[in-house]
Amino acid sequence: MAETPEPAEPDGPQEPTLDEQIAAYQREYRDLDPQVEKVVSALGRLNRRMNVAYGRQVAALGISNAEWEVLKTLLLAGEPYRLGPGELAKRLGLTPAAMTHRIDRMAGEGLVTRDRDENNRVRVIVELTDEGRTKWLEAMRMASDFEEDLLQDLSPQERGLLGEMLIRVLRRVEHAQPDAGGRLTDLD
């Protein structure tokens with residue numbers, strides 16, 4: 001197994017190590033379970049750093065994380081990659097106003113089109129363009145490379161086990177917080 005590289009030295013104040021953070025928490029809250037805190041804190045830091053990495057990747061493609069989310073949602077809808085603005089807003093946990101703003105921007109960039117539904121002229125349909133799908137594919141290529149590098153120190157068996165364990169934790173959170181799938185605030 002390859003050795004895990006040491007983190008690069010960041011500019012500015014350093015974040016405490018997980019062990020330092022947990023020791024400080026235990027000093028202030030004696031009932032803390034350090035094993036639980038280590039898992040939860042590591043997941044939080046991993047999530048934050050992965051979001052930064054993904055943000056840099058999509059920015060290199062000239063799109064934002066918010067735009068990536070719309071492209072992904074349209075793609076997940078399946079061919080012909082179309083949804084109404086209300087359905088997009090619901091799936092992304094956004095307000096209709098935020099969704100309209102995002103669609104306007106993306107239509108101007110050629111990532112999506114917004115047209116009236118031929119069967120219901122009152123209804124608007126948002127559709128992924130070839131340019132939007134190309135951006136999505138390129139972002140996926142970049143993310144796949146990053147993710148493969150991220151998990152390079154884990155064997156296929158360890159990857160499978162980690163995936164199963166994280167899914168069990170995710171199911172527990174989804175059961176306890178069934179309304180937490182959307183966002184509490186808009187990304188725009």
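1. Pro80 sits in the loop between helix 3 and strand 1 (82-83). Helices (H or I, at least four residues) and strands (E, at least two) are DSSP runs, numbered from the N terminus. The peptide bond from Glu79 to Pro80 is cis, with omega near 10°. This is a predicted model: local features need pLDDT of at least 70, side-chain atom pairs count only at pLDDT 80 or more, and totals for chains, interfaces and linings use all residues. Residues are numbered from 1 along each chain as its sequence is written, and side-chain values use heavy atoms, with hydrogens and water left out.

2. Tyr81 belongs to the loop between helix 3 and strand 1. Its phi is positive, about 60°, although Tyr81 is not a glycine. Tyr81 counts as buried, at 15% relative accessibility. Buried means under 20% relative accessible area, exposed over 50%, and partly exposed in between (1.4 Å probe, protein chains only).

3. Next, the core. The largest nonpolar core has 24 residues. Such a core is a set of buried Ala, Val, Leu, Ile, Met, Phe, Trp, Tyr and Cys residues joined through side-chain atoms within 4.5 Å. Ile63, Val70, Leu71, Leu74, Leu88 and Met99 touch the most other members. At least two core residues come from each of helix 3 (65-76), helix 4 (85-92), helix 5 (96-108), strand 3 (120-128) and helix 6 (130-150). Helix 3 gives the most, with five residues.

4. Which residues does Met99 contact, leaving aside its neighbours within four places in sequence? They are Val70, Pro85, Leu88, Ala89, Leu92 and Leu94. Contact means heavy atoms within 4.5 Å.

5. There are two aromatic pairs in the structure. Rings of Phe, Tyr and Trp (its six-membered ring) pair if their centres lie within 6.5 Å; planes under 30 degrees apart count as stacked, over 60 as edge-to-face and the rest as tilted. Tyr54 and Phe146 form an edge-to-face pair, because their ring centres are 5.4 Å apart and their planes stand at 80°. Tyr54 is in helix 2 and Phe146 in helix 6, so this pair ties together parts 92 residues apart in sequence. Phe146 counts as partly exposed, at 22% relative accessibility.

6. The rings of Trp68 and Trp136 have centres 6.3 Å apart and planes at 10°, so this pair is stacked. Trp68 lies in helix 3 and Trp136 in helix 6, so the pair ties together parts 68 residues apart in sequence. Both Trp68 and Trp136 are buried.

7. Met50 lies in helix 2 (residues 34-60). At 18% relative accessibility, Met50 is buried. Not counting residues up to four places away in sequence, Met50 touches Phe146 and Leu150. Met50 and Leu150 are 100 residues apart in sequence, yet 9.5 Å apart in space, C-alpha to C-alpha.

8. Gln57 is also in helix 2. Is Gln57 buried or exposed? Gln57 is buried, with a relative accessible area of 14%. Leaving aside neighbours within four places in sequence, Gln57 is in contact with Met142, Ala143 and Phe146.

9. Last, the surface. A nonpolar patch of about 800 Å² is made by Val36, Val39, Val40, Leu43, Leu46, Leu150, Leu161, Leu162, Met165 and Leu166. Patches are made of residues with over 30% relative accessible area and no salt bridge: like charges are joined within 9 Å, nonpolar side chains (Val, Leu, Ile, Met, Phe, Trp, Tyr) within 5 Å. A salt bridge is a side-chain nitrogen of Lys or Arg within 4 Å of a carboxyl oxygen of Asp or Glu. Accessible areas come from the Shrake-Rupley method with a 1.4 Å probe; for residues, only the protein chains shown count as cover. Helix 2 and helix 7 (156-176) each give two or more residues to the patch. Helix 2 gives the most, with five.
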